[in-house]
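Hi everyone, thanks for making time for this one. Let me put it up on the screen.

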Amino acid sequence: MAMAITTSTASHTSIASVTLEVADPEAARRFYTAFGVDTRIGLRASEAHSTGFRGFTLALTVSGPATVDSFVDAAMDAGATVLKPAAKSLWGYGGVVQAPDGTIWKIATSAKKDTGSAARGIDEIVLLLGVEDVKATKQFYVGRGLTVARSFGSKYAEFTSDESSPVKLALYKRRGLAKDLGVPADGTGSHRIVLGCTVGPFTDPDGFAWEAAGSLTPAPSTAPALS
């Protein structure tokens with residue numbers, strides 16, 4: 001997956017796009033169109049070796065349980081695997097699916113009851129990176145222009161995003177994230193996520209690679225380039 005970012009001021013950076021790296025862009029495009037997020041992501045071909053947990057998830061925040069169920073059903077019908085069936089919890093209602101290309105998606109709402117019919121709308125998409133040291137990685141990104149929106153010590157950090165950003169970036173402990181998704185934390189090889197920036201290539205403390213935004217080349221007919 002690749003993400004381009006833009007810098008609006010010398011001290012503020014926000015994500016402008018994200019591109020998933022997949023083995024079969026055409027098949028992935030069909031899945032994401034059926035899933036309902038094709039206007040939020042881009043795709044590009046990659047045969048990079050990757051096994052187990054890739055260290056990230058994309059989380060959809062939606063309005064209510066019926067909308068969660070609608071997205072989960074659409075994903076299943078298009079070939080996704082259910083990792084955690086949609087269910088109620090202390091914080092709301094949600095489920096986890098894995099796309100045929102291997103990307104893990106969480107669909108959730110803080111509402112425990114529906115106030116209307118399922119609208120298939122997306123309130124927000126959050127890219128959660130599973131990292132070993134949240135504090136250290138947070139400071140790493142602050143040093144590269146991202147602004148912290150909220151932070152909970154060594155467990156979680158979230159960065160601000162503007163209206164043009166298709167996703168919000170957040171950090172979570174890798175093992176905690178894997179547990180939340182219902183998968184083993186172990187994984188090797190490529191994250192299948194490359195983040196783009198305006199200041200040139202670099203790699204963060206957990207091996208997530210960034211590219212210059214201009215070098216991102218999503219597959220044709222894909223909407224704005226979206227671990």
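Let's begin at aspartate 101, which is in contact with Val22, Tyr32 and Arg54 once its neighbours within four places in sequence are left aside; contact here means heavy atoms within 4.5 Å. Before I go further: this is a predicted model, where local features need pLDDT of at least 70, side-chain atom pairs count only at pLDDT 80 or more, and totals for chains, interfaces and linings use all residues. Residues are numbered from 1 along each chain as its sequence is written, and side-chain values use heavy atoms, with hydrogens and water left out.

Where does aspartate 101 lie? Aspartate 101 sits in the loop between E7 and E8. Helices (H or I, at least four residues) and strands (E, at least two) are DSSP runs, numbered from the N terminus. With a relative accessible area of 13%, aspartate 101 is buried. For the cut-offs, buried means under 20% relative accessible area, exposed over 50%, and partly exposed in between, using a 1.4 Å probe and protein chains only. The side chain of aspartate 101 also makes a polar contact of 2.5 Å with the side chain of threonine 103. That term stands for a pair of N or O atoms within 3.5 Å; within protein, one must be able to donate a hydrogen and the other to accept it, and residues adjacent in sequence count only if both atoms are side-chain atoms. Alanine 27 is 74 residues away from aspartate 101 along the chain, yet their C-alpha atoms are separated by 8.6 Å.

Now let's zoom out. The chain has 4 helices and 16 strands, and buried residues make up 49% of its 227 residues. It exposes about 10,000 Å², with carbon and sulfur atoms supplying 54% of that; the areas come from the Shrake-Rupley method with a 1.4 Å probe, and for residues only the protein chains shown count as cover.

On to the sheet. Eight strands form an open sheet in the order E6-E7-E8-E5-E9-E12-E11-E10, with mixed pairing. Two strands pair if DSSP finds at least two bridges between them. Which strands are at the edges? They are E6 (81-88) and E10 (148-152), each pairing on one side only. From one strand to the next, the twist averages 15°. Axes are lines fitted to C-alpha atoms, for helices over the stretch in contact, and angles run from 0 to 180 degrees between N-to-C directions.

Valine 82 has valine 97 in E7 as its bridge partner. Helix H4 (residues 174-181) packs on the sheet, touching E5, E6, E7, E8, E9 and E12, and its direction makes about 100° with that of E12.

Arginine 150 has glutamate 158 in E11 as its bridge partner.

Those two residues come back when we turn to charges: Glu124, Arg150, Glu158 and Lys168 are linked in a network of salt bridges. A salt bridge is a side-chain nitrogen of Lys or Arg within 4 Å of a carboxyl oxygen of Asp or Glu. In the pair of lysine 168 and glutamate 124, the closest N and O atoms are 2.9 Å apart. This pair links distant parts of the chain, with lysine 168 in strand E12 and glutamate 124 in strand E9, 44 residues apart. Lysine 168 is buried at 14% relative accessible area, while glutamate 124 is partly exposed at 27%.

How many salt bridges does the structure hold? The count is 7. Another one joins glutamate 21 and arginine 44 at 2.7 Å, N to O. Glutamate 21 is in strand E2 and arginine 44 in strand E3, 23 residues apart, and both residues are buried. Glutamate 26 and arginine 29 meet at 2.8 Å; they are 3 residues apart in helix H1 (residues 25-35), so about one helical turn separates them. Glutamate 26 is partly exposed at 46%, whereas arginine 29 is buried at 12%.

One last backbone detail. Most residues other than glycine have a negative phi. Arginine 192 has a positive phi, near 60°. Arginine 192 lies in the loop between E13 and E14 and is buried at 8% relative accessibility.
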